[in-house]
Amino acid sequence: SQANFEEDSQNQPAVGHWKTLMPSKGSKEEPETGCQDARGVDETQSTEQLNVSRLRSSSVEIREKGSEFLKEELHKAQKELKLKDKECERLSKVREQLEQELEELTASLFEEAHKMVREANTKQAASEKQLREARGKIDMLQAEVTALKTLVITSTPSSPNRELHPQLQSPSKAVFRKGHGRNKSTSSAMVSAASQNVTPEPVSHECKEVDSILFAEFQAWKESPTLDKSCSFLDRIYREDVGPCLDFTKQELSELVRVAVEQNTLTIEPVASQTLPVVKVSAEECGGPKKCALSGLPRTCKHRIMLGDSGNYYYISPSCRARITAVCNFFTYIRYIQQGLVRQDVELMYWEVMRLRREMSLAKLGFYPSEM
């Protein structure tokens, strides 16, 4: 703007500097010169005012443009700042989320590690328990197999085992075979060929004849041995022998005894063994040495039973013990057959089953040896 002003001032003609070439000859020329001077001054003032107004307008315009430029720059800076704030907020949220996920992952890893350790300890304890039980069962089965080979497998028609057949012995040397009850049960056979008060008589050989119906049922069961009492073979024995033999006066306790015998969890021990430190002193004892818990009659009880791991002991009379052990002997033998431990002819196994059924019948009728 200053350059424009200088150019305009240089281009304007000079006013009021006319040089008189000739002297004036009267007063008529003087007024013309004064008018010319006044006009030049007016023109100069108007030009200056015009230049000042131009300068003012240009400065205002520059100021407005500068203000608009600054406003635009400020607006851009504010936008960029908002974007950066949003980006910082987003990154902060991402960091918090990552930290939370890291904490949760660490906690879950520790929890999973503790869980795996607990499961490993539990499995190890269960495996050790199963190993101990398996070893115990192996030892027990080995003892049972040895006893079975001695008492059952060695008995043949040509050379019968005299311990299995007391009637083949002389009355003075007659002994009673001990059974093979599990879980510390001391089961034994009940039948004697002669009583102590009867005069010994010559031993007579028995005559035996196979019943076709019973033998057919036993053969069918032997093809697929099972302890399910729904089969015809066991159903008949339950109805005719096991049920009546375990039918005592105390019906509720009789049912518990039957279930324990079927599950092989019945324990019979002499009363004298209660003084041993292994017997639980806090166990509940039903009946007493002078009263049978099964019959409810006043009898001298030399043994007591425990059903499973209940810890409850029940005193039983010799007659009740004879009936229980007769049933235990039967179940022990058919378990041997089911497990494949008996290597005999089918007919010999059949007669052994019939002998055990006869023991249950005699025990139900009240016959039992004096050793009971």
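Helices (H or I, at least four residues) and strands (E, at least two) are DSSP runs, numbered from the N terminus.

**Ground rules.** I'm looking at a predicted model, where local features need pLDDT of at least 70 and side-chain atom pairs count only at pLDDT 80 or more, while totals for chains, interfaces and linings use all residues. Residues are numbered from 1 along each chain as its sequence is written, and side-chain values use heavy atoms, with hydrogens and water left out.

**Entry: Asn264.** I looked up Asn264 and found it in the loop between helix H5 (251-262) and E1. Its phi is near 60°, a positive value in a residue other than glycine. Most residues other than glycine have a negative phi. Buried or exposed, I asked of Asn264? Asn264 is buried, with a relative accessible area of 16%; buried means under 20%, exposed over 50%, partly exposed in between (1.4 Å probe, protein chains only).

**Entry: strand E3.** Next I went to E3, residues 303-307, where 5 of 5 residues are buried. Which residues sit on each side of E3? I noted His303, Ile305 and Leu307 on one side, with Arg304 and Met306 on the other. E3 pairs in the antiparallel sense with strand E1 (residues 266-270) over 5 bridges; two strands pair if DSSP finds at least two bridges between them. In that pairing, Ile305 is the bridge partner of Ile268. E3 also pairs with strand E4 (residues 313-316), again in the antiparallel sense, over 4 bridges. There I see Arg304 opposite Tyr315 of E4. The hairpin of E3 and E4 has 5 residues between the strands, and its Gly308 takes a positive phi near 65°.

**Entry: Thr226.** I found Thr226 in the loop between helix H3 (212-223) and helix H4 (232-245). Because its relative accessibility is 27%, Thr226 counts as partly exposed. What does Thr226 contact, leaving aside its neighbours within four places in sequence? My list is Trp221, Leu234 and Gln338, where contact means heavy atoms within 4.5 Å. Arg335 is 109 residues away along the chain, yet its C-alpha atom and that of Thr226 are separated by 8.5 Å. The Thr226 side chain also reaches the backbone nitrogen of Asp228 at 3.2 Å.

**Entry: Arg355.** Last stop: Arg355, in helix H7 (residues 346-364). Arg355 counts as buried because its relative accessibility is 9%. Its side chain makes a polar contact of 2.6 Å with the side chain of Glu352, and another of 2.4 Å with that of Glu359. A polar contact is a pair of N or O atoms within 3.5 Å; within protein, one must be able to donate a hydrogen and the other to accept it, and residues adjacent in sequence count only if both atoms are side-chain atoms.
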